Amino acid sequence: MARYELVKRSVALITLTNPPVNASSSAVRHAIAKSMKCALSDPEVTAVVICGENGSFCGGADIREFAGPLKGPPLVPLLDAIEAGEKPVVAAIEGVALGGGFELALVCHYRIAHSKARLGFPEVTLGILPAAGGTQRLLRLIGIPAAAISLKLGIVDQVTEQNACEVAVEFALRAVAKPLLSRRVSMLTTRCPPDLDALLDAVTMQVKKKAPGVMAPLACIQAVRAAATMPYYKGIKREGELMATLFNSGQAWALQYCFFAQRTAGKWTLIRSAAVIGLGTMGRGIAVCLARVGISVIAVESEKKLLETGRQMVIGMLERDAKRRGVSASLNLFKFTLSLHDLKDVDLVIEVVFEDMALKKRVFQELSKVCRPATLLCTNTSGLDVDALAGVTDRPHLVVGMHFFSPAHVMKLLEVVCGPRSSSETIATAMSLGKRMGKVSVAVGNCPGFVRNRMLKPYIDQATFLLEEGATPEQIDKALEDFGFAMGVFRMSDLAGLDVGWRVRKESGLNGSDVDPESPPRRRQGRRYCLIPDMVCEQGRFGQKTGGGWYMYDKRGGTNAKPDPLIQNLLETYRSKYGIQPRNISNQEIVERCLFALANEGFGILEDGMAARPEDIDVIYLFGYGFPRHRGGPMFYASMVGLERVLKRLEHYHQAHPDVPHLKPSPLLKTLVACGIPPVQKWREHIKTMHSHL
Ligand SMILES: C/C=C(\C)C(=O)SCCNC(=O)CCNC(=O)[C@H](O)C(C)(C)COP(=O)(O)OP(=O)(O)OC[C@H]1O[C@@H](n2cnc3c(N)ncnc32)[C@H](O)[C@@H]1OP(=O)(O)O
């Protein structure tokens, strides 16, 4: 609820962490009190900075807590103690400092505000008044009447365009040892105009005319009068009395009700209840994501034991959420069942069963029978034909792909796969559900692998071909990590698990009993094929989860990847079996072959109308594969390298490897080069066929 850290060796930085607006809930007040005690008693700390996480200082008291009895430290003594402290405290204000948040800023000895920050007392709109010294301190600071911008008024000491927190830390260092007396706003005298009574009477008249019968603004005027005519200790008492009258009034309850009602009304949604079929890692993650946003979830498994394991895992995830995020969805939102019949009334179903078309079709046929006619049916397939599933239902227009990425409760990307028969409403609903779940949703077309996995294939293929030719997993990973990826292709594959790709290759007849016995070595379906990934899987090495994959790990589930002599051995045996003379491969070749093949497939996807624009592909790679953000994404990166160069290098590599079609430059790339290399944002104009929904 507040993070405490020491920066620049002597400044205590207290960051409020209560999303979305860092409201000063009881837990936040408790954390501020604890942090201030720490800062004031630590001899190393010479100054304190208070800021809020995620660009918002503090949206004031947590209005939801008004309905119950006061919990945690009361605000007034907490604020008084900050002001009275002997070390300078600087407020770093970004976003909003409203109500209690503004009052917190006012007890700080200095205020640094970002130029876009908003400071104010909106309490009157909630039927109350700023009652933690707000009316008393603000008037002492700026006088009566006041109307101008914050800096001119003297509310803030510095306005900045930079990061307010960093500026505040520097400011705090300069404030050390300066006298604090004049910085304590409660000690100042309110500057009053000579005709105070006349002014306040006039304002009272105006308020009565503008808001007849409304109590809070009149109470505010009385608090202003107190600030002007009484010493601080009496003024704050008066402020408290006025607040007590307002706080329990029907007007305050009504106005606070309106605050939340307005926000609730905006949350109109088609989806209130959902079902998730399959409680493996992915299904559990999706179920928790749905519950986090208040959607009730029916979780389905096929066997009692699997259902119970899923239930326990979900409970564990909710507990971890509560620990890490301070909040968690309620377990009451979940119902665990073995029967699809329980899904008859849900608004939406997400199928997350094994990646097997026959099984998925059976599930969709069954759903078609049990769910009410308006229920949306979604599949989390990672690449199968969404339209084939739609075809076995009684409502193909309500079928759409929702392709989450593992772990689904963490990964931001969601591909919304638009089948040719998915209706616009269905797609829009899936997109907005994704947004509601905090995902970055991207609409894509229905092609094998969709966008992310379709592009991943040539990228991984190039990496494995480079292994055949003489590179090692660690050399390839290092080159890609130096490029900016957090993990190279092999470390990433070990994390994701190698078995899924192995199964997909088997299903597509690339290995296993379906392979044509006549195919020449290292060739499948008329193109180059590297057998090494299958050989690794045949040894039961599926990556981190089995303690070994392209690397070895100290235990199952271990994350510390070490080069494995066994893999080295496998590579050497393989090369000698197929008569491959290993060669030295440069990092440049590794990066070019992997990334240009990746971007080339991206051009193919655009050309096929499977992504609406290059930006969509880049977003998919930023959020779905950890593409280094400072490179912009594969398509933007290609544009930065220069499309002409990318084209030339692809031509060069394709000439050297004619049996690798993914290296053959895409016609769209050639078109873009031929028509003068327009900027990324204009590529869409050169695409001939576009998916009707994209
Ligand atoms: C005594 C009394 C004291 C000391 C007080 O401080 S009273 C509170 C004074 N503060 C306010 O009145 C601020 C109220 N909030 C706002 O004006 C706005 O929410 C905002 C300007 C801070 C942000 O606006 P916006 O970006 O448009 O976002 P929303 O309004 O939609 O809010 C996002 C969610 O945050 C919840 N919220 C906002 N403020 C509070 C709050 N003070 N306490 C509890 N919850 C708050 C708001 O309800 C939205 O929640 P969800 O709808 O997303 O669940």
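Housekeeping: I number residues from 1 along each chain as its sequence is written. The model is predicted, so local features need pLDDT of at least 70 and side-chain atom pairs count only at pLDDT 80 or more, while totals for chains, interfaces and linings use all residues.

Domains. I looked up the division of the protein chain and found domain 1 (2-241), domain 2 (273-450), domain 3 (453-577) and domain 4 (588-686); the bounds come from an automatic or database domain assignment.

Domain 2 against domain 4. Their C-alpha centres lie 32 Å apart. I found eleven residues of domain 2 in contact with ten residues of domain 4 (contact: C-beta atoms, placed from the backbone, within 7 Å). On the domain 2 side, β15 (413-418) and β16 (440-445) each give two or more residues, and β16 has the largest share, with five. Strands here are DSSP runs of E, at least two residues, and helices are runs of H or I, at least four, numbered from the N terminus.

Ser 330. I found this residue in the loop between α12 (304-325) and β11 (334-337). Ser 330 counts as exposed because it has 10 C-beta neighbours inside 10 Å, and the cut-off for exposed is 12 or fewer.

Conventions
Buried ≥ 20, exposed ≤ 12 C-beta atoms within 10 Å, placed from the backbone. Contact = placed C-beta atoms within 7 Å.
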